[in-house]
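Here is a structure that may be new to you.

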Amino acid sequence: MVPDPVRYTFTYETEQYADGVCADLDRLKDAGFEMIKLKNFWSADEYRGINSQWRDAWTGQRFEIQFHTGCSFEAKQVTHGAYEQLRSHDLTDEEELALQDFQRRVTATIPWPPGARDIPEEG
């Protein structure tokens, strides 16, 4: 029941992001994969991208696909340590605020792909 034992990342040029994501969502569904959930984080302060969970109808295997631009993927990589620390819940209030501030500053540098915020959430 782990939601992301296998993870893939698709990346797109900023200007083609929304069209590319929509085309790949359709392609995955047409291939018989079942979307469990899609979460659009393009309006978030500490992370930008789209995360989706899927199930292979033939094997039942669950997997995650993250949809990024080159910049949003790089920001995710740069802030991943902070994200992991925040998930530990073993921080002082000051440490937590500093890590969140770091994530916000990095995320603020990511260009917004046209149409990215309009991709609807599912599940």
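Q: What makes two strands a pair?
A: Two strands pair if DSSP finds at least two bridges between them. This is a predicted model, and here seven bridges join E2 to E3. Seven meets the cut-off of at least two, so E2 and E3 count as paired. The two strands run antiparallel.

Q: What makes E1 and E2 the edge strands?
A: Look at the order of the four strands in this open sheet: E1-E4-E3-E2, with mixed pairing. E1 and E2 each pair on one side only, which makes them the edges. From one strand to the next, the twist averages 20°. H2 packs on the sheet, where it touches E1 and E4, and its direction makes about 115° with that of E4.

Q: Why is E3 described as mostly covered?
A: Six of the seven residues of E3 are buried.

Q: How do you know that the span of helix H1 is close to what is expected?
A: Helix H1 covers residues 17–30, which is 14 residues. At 1.5 Å a residue, the expected reach from the first C-alpha to the last is 20 Å, and H1 reaches 20 Å.

Q: Why can the buried residues of H1 be said to line one face?
A: The buried ones are Tyr17, Ala18, Gly20, Val21, Asp24, Leu25 and Leu28. Seen down the axis of H1, they fall within an arc of 160°, so they line one face of the helix. On the other side of H1, Asp19 and Asp30 are exposed, and exposed means over 50% relative accessible area. What covers the buried residues includes strands E1, E2, E3 and E4. After H1 comes glycine 32, whose phi is positive, near 100°.

Q: What about helix H3: why do its buried residues line one face?
A: Helix H3 has 15 residues (93–107) and reaches 21 Å, close to the 21 Å expected for it. Leu99, Gln100, Gln103, Val106 and Thr107 are its buried residues. They fall within an arc of 125° seen down the axis of H3, so they line one face. Asp93, Glu94 and Leu97, on the other side of H3, are exposed. The buried residues of H3 pack against helix H2.

Q: Why does glutamine 66 count as buried?
A: Its relative accessibility is 5%, and the cut-off is under 20%, so glutamine 66 counts as buried. This residue lies in strand E4. Leaving aside neighbours within four places in sequence, glutamine 66 is in contact with several residues, including Tyr8, Phe10, Tyr47 and Ile50.

Q: What makes the link between glutamine 66 and lysine 76 a polar contact?
A: The two side chains make that contact at 3.0 Å.

Q: Why is serine 88 called partly exposed?
A: Serine 88 has a relative accessible area of 42%. Buried is under 20% and exposed is over 50%, so 42% falls in between and the residue is partly exposed. Serine 88 lies in helix H2, and its C-alpha atom is separated by 30 Å from that of alanine 116, 28 residues apart along the chain.

Q: What do you get for the whole chain?
A: The protein chain has three helices and four strands, running β-α-β-β-β-α-α from the N terminus on. Of its 123 residues, 36% count as buried. Its C-alpha atoms fill a box of roughly 45 × 35 × 20 Å, taken along the principal axes.

Technical notes
Residues are numbered from 1 along each chain as its sequence is written. This is a predicted model: local features need pLDDT of at least 70, side-chain atom pairs count only at pLDDT 80 or more; totals for chains, interfaces and linings use all residues. Side-chain values use heavy atoms; hydrogens and water are left out. The expected span of a helix is 1.5 Å times one less than its number of residues. Buried means under 20% relative accessible area, exposed over 50%, partly exposed in between (1.4 Å probe, protein chains only). The arc is that of the directions from the helix axis to the C-beta atoms. Contact means heavy atoms within 4.5 Å. A polar contact is a pair of N or O atoms within 3.5 Å; within protein, one must be able to donate a hydrogen and the other to accept it, and residues adjacent in sequence count only if both atoms are side-chain atoms. Axes are lines fitted to C-alpha atoms, for helices over the stretch in contact, and angles run from 0 to 180 degrees between N-to-C directions.
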